[in-house]
Structures are given as structure tokens and as C-alpha cells.
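Reader: Please show me the model, and then take my questions on how its parts are arranged.

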4 protein chains.
Amino acid sequence: MAKKHYYKDAFERASKERKEKILEVGIEEFSSKGYENANINVIAKNSGISIGLMYKYFSTKEDLFITCLNHGMEILEQALYDIMQSDDKLLVKAEKLIRTTCIHSKKNSHYIKMYNEITAEKSFDKRTREIVEQIESRRSSMYITSITQAFEKGDVRSDLNPKFFAFFLDNLLTPLQFSFTCDYYKERFRVYTGIDVNEMDDEQIVEQLLKFIESAFTFEKK
Amino acid sequence: MAKKHYYKDAFERASKERKEKILEVGIEEFSSKGYENANINVIAKNSGISIGLMYKYFSTKEDLFITCLNHGMEILEQALYDIMQSDDKLLVKAEKLIRTTCIHSKKNSHYIKMYNEITAEKSFDKRTREIVEQIESRRSSMYITSITQAFEKGDVRSDLNPKFFAFFLDNLLTPLQFSFTCDYYKERFRVYTGIDVNEMDDEQIVEQLLKFIESAFTFEKK
Amino acid sequence: MAKKHYYKDAFERASKERKEKILEVGIEEFSSKGYENANINVIAKNSGISIGLMYKYFSTKEDLFITCLNHGMEILEQALYDIMQSDDKLLVKAEKLIRTTCIHSKKNSHYIKMYNEITAEKSFDKRTREIVEQIESRRSSMYITSITQAFEKGDVRSDLNPKFFAFFLDNLLTPLQFSFTCDYYKERFRVYTGIDVNEMDDEQIVEQLLKFIESAFTFEKK
Amino acid sequence: MAKKHYYKDAFERASKERKEKILEVGIEEFSSKGYENANINVIAKNSGISIGLMYKYFSTKEDLFITCLNHGMEILEQALYDIMQSDDKLLVKAEKLIRTTCIHSKKNSHYIKMYNEITAEKSFDKRTREIVEQIESRRSSMYITSITQAFEKGDVRSDLNPKFFAFFLDNLLTPLQFSFTCDYYKERFRVYTGIDVNEMDDEQIVEQLLKFIESAFTFEKK
DNA sequence: GATGAATGAGGTTTCATTCAT
DNA sequence: GATGAATGAAACCTCATTCAT
């Protein structure tokens with residue numbers, strides 16, 4: 001299945017620079033103001049195009065948002081992909097995953113904010129399913145594949161369901177990711193750990209989370 | 001410090017029935033439509049009061065929202081409190097916690113949706129900190145207290161920082177909670193596990209997550 | 001004719017302290033916010049009475065305003081009266097008038113702001129006539145009486161109509177009064193004279209205006 | 001310095017007819033109802049444009065008001081300018097000024113009412129200064145220039161400060177202007193002179209005020 | 001006399017979307 | 001392809017006034 005897109009043909013025909021500009025500006029606007037408060041007239045103006053043309057490219061505000069979101073997700077997924085494709089053992093992958101999460105979260109905060117945005121979005125209703133399906137499928141399949149492999153090699157405990165495994169792993173990583181970028185989660189991190197996330201050494205986070213994961217992954221109750 | 005509130009004195013003086021009605025209707029509106037799309041004229045009408053009176057009770061839409069949110073949080077926290085106050089061992093508490101999470105999430109879905117709503121909120125700026133601080137402080141201190149006790153009794157591994165411990169534990173539980181109630185997380189759960197959360201036996205979730213947590217809590221690498 | 005009033009009988013029956021408090025608070029509110037933006041619920045609260053009682057005292061916001069206004073005008077008129085009743089020559093009265101204007105304007109700025117307020121008011125329509133009639137009649141008759149007396153004594157030039165005389169005199173004094181208290185006129189004074197009214201010596205104003213008036217009053221073209 | 005304006009670029013691009021229509025309707029609404037009670041939905045409707053477009057032209061109600069005000073002031077100032085630029089002696093200018101004031105006040109009553117409106121305005125706070133500064137600077141500099149010239153030529157008495165001179169002159173003319181147009185001042189005029197301003201012969205006003213001014217301007221006490 | 005809860009019309013402002021050019 | 005003027009519904013919030021107690 002060709003990846004579904006939410007822009008009109010005209011957008012595809014636009015120059016690379018223009019496409020990138022629109023996405024960049026859109027991501028900036030959506031991630032800083034949130035979906036409801038973002039203004040697509042402003043996005044058009046800041047992208048250097050007319051609002052009329054914007055509507056030649058995207059049918060609705062929602063479509064523009066989803067396109068921006070998907071663009072951001074691609075970048076985020078690439079890093080995940082690079083790690084999960086390697087031949088490393090699962091624990092090594094996990095370590096890389098955590099460390100990369102710390103680094104990427106600071107660099108790509110806009111993308112992560114957009115991702116965070118949709119986890120609470122109420123507006124898409126009919127499409128939510130579709131969007132989530134796409135995003136989370138790509139993400140989960142990477143996890144599940146790696147875990148299943150490790151499972152088969154006997155690298156991890158045998159009494160856990162790989163799918164739940166993947167789910168729990170992502171539950172540990174996603175809030176961590178948000179802790180670096182999203183206001184709510186930032187504050188939550190500070191409340192729990194007593195330290196502002198920006199003043200904490202990434203390695204301490206890596207160390208603590210890795211210990212937690214390693215045991216959960218490997219030790220099996222007799 | 002008396003708990004800070006975000007309603008006016010007049011609200012306190014209103015009848016119990018009215019207060020509950022307003023909170024109930026407000027929570028329903030906010031959780032189903034989200035903060036931005038919720039309409040306080042609708043909340044007033046459905047509560048059986050005039051909009052003018054609504055503003056005698058709450059200074060702004062935001063204040064009404066926060067009051068609804070706090071009300072919901074109190075209910076959710078009570079369940080948590082009951083478990084954490086017991087004399088059970090940490091692992092037993094964890095098991096109760098997971099099971100209760102499953103049950104409560106279905107019953108109090110509106111409250112949880114509101115909670116989910118603020119994790120992505122962009123509007124509160126100066127107050128976000130304050131609100132989050134209050135909510136997460138109460139929650140985290142319950143975790144941390146229990147964990148520290150277990151720590152001192154030697155019930156849990158000694159090489160993990162109790163604060164991170166608590167943080168990771170909550171990272172596992174909160175997304176689970178959302179998986180029962182919030183559209184995005186529901187779909188995500190289905191993508192990861194392959195099963196709709198409403199058709200899954202709670203005990204399977206309890207079992208899988210408990211194994212994961214138990215190992216993470218107790219097994220220490222030599 | 002008994003002086004017309006704009007309050008209900010109940011107000012008359014209220015204690016002196018209460019009456020004064022209401023007027024004081026009302027004048028403060030009206031003069032600082034202007035008629036439209038003044039809030040009579042706030043006036044009631046700050047006066048220590050209920051809004052219900054306020055409406056037992058005054059039928060409408062407008063009536064309260066007029067009563068406050070009249071109260072302020074009485075104070076202002078008293079000073080004028082004291083000067084105009086004396087046996088001084090017109091020029092001496094004029095000098096006292098100017099000097100007193102400077103002093104009083106600083107002391108009774110609230111009253112003057114209320115007076116200024118009505119010179120531009122659009123709301124009273126049917127009553128404007130009545131109110132203005134009362135206020136300006138008292139004021140103008142004091143001027144005209146003094147001028148007519150001086151006229152008869154031959155103290156002033158004979159070719160000017162005393163009524164116009166009074167009108168011009170008041171045209172010189174009223175904007176001066178406003179220059180000490182009302183934002184617009186304050187700035188206007190600064191623009192014309194180059195100096196902030198609060199940093200100018202009153203005597204310079206007295207001297208300049210008096211010279212202007214004296215010649216206008218006494219020198220007759222041959 | 002280019003004259004500051006309070007409209008958006010879009011307004012400048014609108015057709016001349018539309019611009020004039022909006023200003024005309026706006027001035028009508030503001031001058032008849034006052035700033036607070038003026039309704040910009042009404043102004044939009046009566047101007048034949050949508051409210052949305054109105055906000056494309058002006059950021060706020062206040063900006064629309066100021067633009068209307070400035071437009072009116074320009075017209076008023078032109079008449080003043082024409083007189084003050086001439087080579088006439090100061091007294092001749094004064095005579096023309098008074099006569100023109102009478103005539104113009106009847107013709108441009110809306111503009112004058114708007115001007116009167118701001119002399120009592122409480123809402124603009126930070127901008128009042130700016131607006132007043134602009135309006136009064138233009139006006140006062142015309143007066144002061146003419147007076148200073150007359151001063152140097154020895155046409156007027158030497159013991160009066162030209163700035164105060166200008167201030168007093170304007171104090172005589174501005175209330176006269178308002179007497180033709182603004183309810184309060186109209187009534188005040190009737191109370192002082194005993195005659196309704198509309199039934200009075202302009203020439204009588206010219207004569208009386210001119211005598212007053214002439215003496216004040218030319219006779220110096222020995 | 002005194003209270004204050006309750007009303008609800010009405011005004012300013014925003015912004016996604018359309019469409020004539 | 002490209003423009004941007006134009007729309008108008010809809011939402012938050014204020015406050016003078018009423019009236020039951």
C-alpha cells in the first residue's frame with residue numbers, strides 16, 4: 001500500500017524549497033500554539049505564499065496539520081529505524097534508544113511537540129484511527145521485530161509477550177521523550193526527580209532507565 | 001498551605017447539587033470536546049444556570065476547566081491513595097495498582113480524558129507549572145513514599161534511585177490508563193497488542209505488566 | 001424651586017456616614033473609569049452595601065452618577081461662591097478666582113474629572129438639558145451678578161455684553177481647571193506651554209491669565 | 001517623521017469610495033453615540049462591508065476610532081491652516097478665525113463632536129498622550145507661529161508670553177466651537193447668553209469675542 | 001430595611017474557507 | 001498557477017437590573 005498522504009497534487013508539484021518552507025513554518029506554528037490556536041493564514045504568510053495557494057495545496061487545516069505531523073514523524077522514525085535495524089543485541093539497542101531519545105528530543109523538539117499534540121487531540125475523530133494506525137504501526141513493528149528476534153535467540157526472558165514487551169518499552173520511552181520538550185511533561189519530570197531536565201546529565205537517565213529495562217527484560221522469576 | 005482553588009467564593013456557597021451538576025457537565029464537555037472546543041455557554045445551559053451566574057462562580061473558562069480537572073483528579077487520587085496507604089509489600093501494591101487502573105479507567109473515563117487533555121495543553125503558560133506541580137506532586141509523593149519504604153526494608157533492589165523508580169512506574173501506568181479511555185492511546189494499544197482494549201481480559205494486562213515491573217524492581221545485576 | 005434630586009427617599013434616610021461613603025466611592029469610580037466603564041456593583045461593594053440596597057437608594061446608574069456629580073459640584077461651587085460674594089472689585093475677584101482654580105483643581109481632581117466627564121457625555125439625552133441647566137445656571141449667575149455690578153459701577157468697559165463677558169471668562173477658567181486634572185487637557189497644556197502643569201509655578205499662570213483678562217475687561221477701543 | 005496612522009495596510013488598498021464611506025459612517029456612529037456605545041458591527045454593516053473585513057482594515061475598535069478622529073481633525077485643521085497662513089495681521093486672523101469657527105462648527109458638527117469626545121476619554125491611557133500630542137501640536141504650532149510673528153512686528157503687547165497667549169486664545173475658541181455642536185456646551189451657551197446658539201446671529205458672537213480678544217491682545221497696562 | 005443570587009442581551013474579536021480575477 | 005479580499009458564524013465575557021427572602 002502506498003503511504004497515504006493528505007495533501008493535494010499541486011503540493012507535490014511545488015518546488016522542494018517551497019514544500020520544505022511550508023512544512024517548517026507549519027510545524028513551528030502548530031507545535032508552538034497547538035492545533036486549535038494555530039492560524040493557517042499566518043502559516044501561509046510566513047511561508048511566503050498566499051492563503052489561496054495554501055488551499056490549492058491542502059484541502060483543510062487538518063490536512064495541513066497531518067502533513068506537517070507526518071513529515072516530523074519521518075525524521076523521528078529514521079533515528080529509531082537506524083538503531084533497530086542494526087545487529088546489536090536488544091539491550092544494546094535499548095541503550096542506544098535511550099541515549100538517542102535524550103539527544104533527539106532536544107534537537108527535534110518541534111516534531112515531538114506535534115506528536116504530543118495529537119495524543120490528546122479531540123478534533124479528528126474519524127481520521128484519528130487512520131493517523132494513529134500509520135504512526136504507531138511503523139513504530140511498533142520496529143520494536144516488535146527486534147524483540148521477537150531477541151526472543152527467538154533466547155536473549156530475553158521467555159514468559160513475556162513480545163507485543164506487551166514492546167508496548168511497555170514504548171511507554172517508558174515516549175514519556176521520557178516528552179519530558180525533554182513538552183511543558184507538562186517537563187514539569188512532571190522535575191517534580192518526580194527533583195531536577196530540571198535541562199540540568200540533568202543524560203547519562204544518569206540512561207543508566208537508571210537501562211537498569212530498569214534490563215532487569216525487566218532478562219530476569220525471569222523461578 | 002491550604003489547597004489552592006480556582007473558583008470564586010460564590011461557587012462555594014452554591015448548593016451541593018448545583019456544584020456537582022456544574023462539575024459533572026463541565027467534565028463531560030471538556031473531556032469530549034477538549035479545552036479549546038468546549039463551550040461554556042453550553043456548560044451553563046446544561047447545568048441549568050445562566051452564563052452570568054457561571055461567571056459569578058468562575059472568573060474565566062480556564063478557571064472552570066481547572067476546577068473540573070481538580071475535581072476529577074481528586075477522585076482518581078483517592079483510589080491511588082487507598083492502595084498506597086496499605087501495609088502491603090510494594091509488589092502487592094503494584095499489582096493492586098495495575099488492576100485498579102484497569103477498572104477505574106473504564107469507570108472514570110471522563111476524568112482521565114481531562115487529565116490527558118492537559119498533558120498536551122499549550123494555553124496555560126504561567127499556570128501550567130502550578131497546576132502540574134500540584135497534581136504531580138500529590139501523585140509522585142505517594143509513589144516515592146512507598147518505594148522509599150520498600151527500599152529501606154530491602155524489598156527492592158538497592159541500585160536504583162527511588163525517584164526514577166517512581167517516574168518509570170508512573171510512565172508504565174499512565175499510558176495504560178489512557179489506553180482505556182483516550183482515542184489516541186486506545187488505538188495505539190490496539191496497534192501494539194493486536195487486540196482492542198475493551199475486548200481484552202484485564203488479568204492478562206495485570207499479569208504481563210506485573211512480571212515486567214517485578215523484575216525491574218527486584219532483580220539486580222551481579 | 002427646591003433643588004431637584006436624583007435619589008430615592010430611602011437614600012435621604014440613610015446615615016450620614018453611609019451617604020458620604022457611597023458618594024465618595026461613586027465619585028472615585030466614575031472619575032477614574034468614566035461613566036460607561038464604571039461598575040455600580042463595584043461601587044456598592046466598595047461602599048459596604050449590597051447592590052440591592054443601592055437600587056433602593058437610586059433607580060438607575062444614571063441617577064447615582066448625577067447624584068455624585070451634584071455632590072462634587074456643590075463643593076466646587078462653594079469656593080466660587082465665597083469669592084464672588086465678597087466686596088472685592090472684579091479684577092481682584094478674577095485674581096482670586098484664578099489662584100483658587102489652580103489650588104482647588106489639584107485638591108478636588110475627582111470632582112473636576114466628573115464634571116469634565118459630562119461635557120462629552122452622550123447617554124443622558126433627555127436629562128442633559130436639565131442637569132446642565134442646573135449646574136451652569138448656578139455658575140453663570142454668580143459670574144453675571146458680579147460682572148453686572150462692576151458694570152454698573154463703571155469698573156469695567158461698557159461696550160461688552162455682561163453675559164458674553166461671563167461666558168468668555170468661564171471659557172478661560174474651565175479649560176484651565178481641566179488642565180490640572182484631566183488627561184487630555186493636561187497633555188494639551190504641556191503641548192501649548194512646553195511645561196508639565198505640575199511643574200509650573202501657579203503664580204506664572206495667575207500672572208499671565210490675569211494680564212489677559214484685565215485688558216479684556218478694562219480697555220476699550222477708542 | 002511620517003504621520004503615524006492607526007489602520008492596517010489593507011485599508012490603504014481599499015477603494016477611495018470605500019475608505020470614505022467607512023470613515024463617514026464611523027464618524028457618524030462615534031459622534032452620535034460616543035466611543036463606548038458605538039457599535040462596530042453597525043459601522044461595518046452601514047459601510048456595506050463584513051465585520052471580518054473591518055478587522056482586516058483596523059486591528060481594534062480603538063484604531064478605527066482614532067482613524068475616524070484623525071480624518072475629522074484634518075478637515076478642521078485645514079480651515080485653520082488657510083487662515084493662519086495668510087499675511088493678515090493677527091487681529092484680522094482672529095476675526096476670520098472666530099467667524100470661520102461659527103460657520104464650520106455648523107457644517108462639520110460630527111468632526112467636532114468626535115474631538116469633544118476625546119477630551120473626556122478615559123480608555124486610551126498609553127495612547128492618549130500620543131494622539132493628543134499629535135492633534136494639539138499641529139493646532140498649537142499654528143497659533144504660536146502667528147502670534148510670535150505678530151509679537152516680533154510689535155503688533156501685540158509685549159508683556160504676554162506667546163505660548164500662554166496661544167493657550168488662552170484656544171481656550172476661547174474651542175468651547176465656542178463646542179457650543180455649536182455638543183449638547184452640553186450648547187445648553188451652557190444658552191444658559192450664559194440666554195439665547196439658543198442656532199438663533200443667534202454669528203456676527204454678534206464675532207463682535208463680542210473680537211472686542212474681548214483685541215483688548216487682551218493689544219492693551220498693555222502702564 | 002437589607003441581601004446577593006440570578007439573569008441574558010449584547011459587543012468585540014478571530015479565523016477557516018471561498019472565489020473572482 | 002497564484003492572489004488576497006471577503007465572509008460571517010461563533011465564542012468569551014460584562015454588567016445593569018430584578019426579585020425572592
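**Chains, domains and DNA**

Author: In this model, 47 residues of chain C are in contact with 47 residues of chain D, where contact means that the C-beta atoms of two residues, placed from the backbone, lie within 7 Å. The model is predicted: local features need pLDDT of at least 70, side-chain atom pairs count only at pLDDT 80 or more, and totals for chains, interfaces and linings use all residues. Residues are numbered from 1 along each chain as its sequence is written, while chains are lettered from A and ligands numbered from 1 in the order in which they are written.

Reader: Which elements give two or more residues to the side of chain C that touches chain D?

Author: Elements here are DSSP runs numbered from the N terminus, helices being H or I with at least four residues and strands E with at least two. The residues on this side of chain C divide into 18 nonpolar, 13 polar and 16 charged; Ala, Val, Leu, Ile, Met, Phe, Trp, Tyr, Cys and Pro count as nonpolar, Asp, Glu, Lys and Arg as charged, and the others, Gly among them, as polar. The elements that give two or more residues are α7 (109-119), α8 (128-153), α9 (162-181), α10 (183-193) and α11 (202-218) of chain C.

Reader: Which residue of chain B comes closest to the rotation axis?

Author: Chain B is superposed on chain A, with RMSD 0.2 Å, by a rotation of 179 degrees with 0.0 Å of shift along its axis. Of the residues of chain B, the one that comes closest to the rotation axis, at 2.2 Å (C-alpha), is B:Ala216.

Reader: How far apart are the closest C-alpha atoms of chain B and chain D?

Author: Chain A and chain C do not touch, and their nearest C-alpha atoms are 30 Å apart. No contact joins chain B and chain D either, and their closest C-alpha atoms are separated by 21 Å.

Reader: What distance separates the centres of domain 1 and domain 2 of chain A?

Author: Chain A has 11 helices and zero strands. The domain assignment of chain A, whether automatic or from a database, gives domain 1 (7-59) and domain 2 (72-218). Six residues of domain 1 and eight residues of domain 2 make the contact between them. Taken over C-alpha atoms, the centres are separated by 29 Å.

Reader: At what angle do the axes of α9 and α10 of chain D cross?

Author: Axes are lines fitted to C-alpha atoms, for helices over the stretch in contact, and angles run from 0 to 180 degrees between N-to-C directions. The axes of α9 (residues 162-181) and α10 (residues 183-193) of chain D come within 6 Å and cross at roughly 100 degrees. That makes α9(D) roughly perpendicular to α10(D), since angles under 35 degrees count as roughly parallel, over 145 as roughly antiparallel, 65 to 115 as roughly perpendicular and the rest as oblique. The angle asked for is thus roughly 100 degrees.

Reader: Which residues of α9(D) and α10(D) make the contact?

Author: The residues of this contact divide into four nonpolar, one polar and two charged. From α9(D) come D:Pro175, D:Phe178 and D:Ser179, and from α10(D) come D:Tyr185, D:Lys186, D:Arg188 and D:Phe189.

Reader: Which residues are closest to DNA strand E?

Author: A residue is near a strand if its C-beta atom, placed from the backbone, lies within 6 Å of it, and 37 residues surround DNA strand E. They divide into 18 nonpolar, 13 polar and six charged. The closest are B:Ser50, B:Gly52, C:Ala10, C:Gly52 and D:Gly52.

Reader: Which residues come nearest to DNA strand F?

Author: The surface near DNA strand F divides into 17 nonpolar, 13 polar and five charged residues. Of the 35 residues around DNA strand F, the nearest are A:Gly52, B:Gly52, B:Lys61, D:Ser50 and D:Gly52.

Definitions and conventions:
Copies are superposed by least squares on the C-alpha atoms of residues with pLDDT of at least 70 in both.
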